[in-house]
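Q: Can you walk me through this one? I'd like the annotated parts, then some strands and the surface.

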Amino acid sequence: MTKRILAFGRLKPHHLEQLRTHFHVDYFDHLESADDPAFREALSEAHGLLGASLPVTSELLDDAPHLEAISSISVGVDNYPVDELTRRNILLCHTPDVLTETTADTGFLLIMASARRAVELANMVKQGQWTSSIGEPHFGTDVHGKTLGMIGFGRIGQAIARRGALGFGMQVLYTHASPKPALEAELGATHCEFDALLEQSDFVCVNVPLTAETTGLIDADVLKRMKSSAILINIARGKVVDEEALIEALSSGEIHAAGLDVFAQEPLPGDSPLTRMDNVVTLPHIGSATHETREAMAQRAVDNVIAALEGQQPPSPYNDVTPRG
């Protein structure tokens, strides 16, 4: 029997061709909702799902009695009920490693752009408002030599910290992670309590996954404990930060600025106060959005699902489920 895969999202022809040499493939290139009737019909016969940004629910799983594996084109897995997938013996795969450096580039881009007011001042030039020499009202703040606080210290957080410590002479603090002696020796990093990091950091960079425990982690109380000169960077998930509290903290001067690639609602509504604040750099969730990295992510997802459905260990499994084959 030829197994059946449901693929959705933007896949290149060569990815689809590779899948079709192994499986029957139903490709939904413009899937807007899991409620799409054709998708639900195909789901009833599917052994594998491959794609990104589709929330998987218990109801959806009930309609997929043959499902063996899900291969997500992402490193984050907050769209998936991991415990339930494991209980149902459905293997979940993701795409770590291949996006680490590119996403870290984005994180450090936000550090630089928000510190040096790059977007605000570039817009001033484009709008014809640069009419005299730049003076103190347009000055930014240094990045080199400052203290970089990492909330979460996984692959991406470590890559950002390397850029800061080795490239810009920054003192690195980290929390919400187990102690990492080798990295401490390499980078001069210090493991510390959450409160100490907030009090000492010039840049607070959020890198934790979205879970029940981290939802709203950066709330009004946390923002109050940061330096008034501090800059918040979020490349994790929008809901890790209480957006209303952040807007208030930025408006009142409680913190200096923010660089954000993720938001509670995406796309960010055009009427959000964040779109009108000069001390906020907003990006449209571009963390891994380069040609090279998206190609690598899609290829890893394809390799994952082929291995999983053929009974082999995939390159990047997430949960502890043995491939059925």
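Q: Which residues does the UniProt annotation for the NAD-binding domain cover?
A: Residues 109–287, as "domain: D-isomer specific 2-hydroxyacid dehydrogenase NAD-binding" in an unreviewed UniProt entry. Keep in mind that the model is predicted.

Q: How much helix and strand is in 109–287?
A: It is 34% helix and 15% strand.

Q: OK, strands. Which residues of E10 are buried, and on which sides?
A: E10 is residues 231–234. Ile231 and Ile233 are buried on one side. Leu232 and Asn234 are buried on the other. Both faces are covered.

Q: How does E9 pair with E10, parallel or antiparallel?
A: Parallel, over four bridges. E9 is residues 203–206. Cys205 has Ile233 of E10 as its bridge partner.

Q: What about E10 and E11?
A: They also run parallel, joined by four bridges. E11 is residues 257–260. Here Ile233 stands opposite Gly259. So Ile233 has Cys205 as a bridge partner and faces Gly259 in E11, with its own side chain buried.

Q: What links E10 to E11?
A: Helix H11, residues 243–252. That β-α-β crossover is right-handed.

Q: And which helix makes the unit with E9 and E10?
A: H10, residues 220–225. That β-α-β unit is right-handed too.

Q: Switching to the surface. Which residues form the nonpolar patch?
A: Val125, Trp130, Ile134 and Phe139. Together they have about 420 Å² of accessible area.

Q: Where does Trp130 sit?
A: In the loop between helix H6 (118–126) and strand E6 (147–151).

Q: Why call Trp130 exposed?
A: Because its relative accessible area is 53%, and exposed means over 50%.

Q: Last one, Glu45. Where is it placed?
A: In the loop between helix H2 (37–43) and strand E3 (48–51). Glu45 is partly exposed, with a relative accessible area of 40%.

Q: How far is Glu45 from His66?
A: Their C-alpha atoms are separated by 6.3 Å. Along the chain, Glu45 and His66 are 21 residues apart.

Technical notes. Residues numbered from 1 in each chain as written. Predicted model: local features only at pLDDT ≥ 70, side-chain atom pairs only at ≥ 80, totals over all residues. Heavy atoms only, no water. UniProt positions renumbered as here; feature names shortened; annotations may be inferred. Helix = DSSP H or I, 4+ residues; strand = E, 2+ residues; numbered from the N terminus. Buried < 20%, exposed > 50% of the residue type's maximum accessible area, 1.4 Å probe, protein only. Pairing = 2+ DSSP bridges. Right-handed = clockwise from strand over helix to strand, strands pointing away. Patch = residues over 30% accessible without salt bridge, like charges linked within 9 Å, V, L, I, M, F, W, Y side chains within 5 Å. Areas by Shrake-Rupley, 256 points an atom, 1.4 Å probe, with all protein chains shown as cover. Salt bridge = Lys/Arg side-chain N within 4 Å of Asp/Glu carboxyl O.
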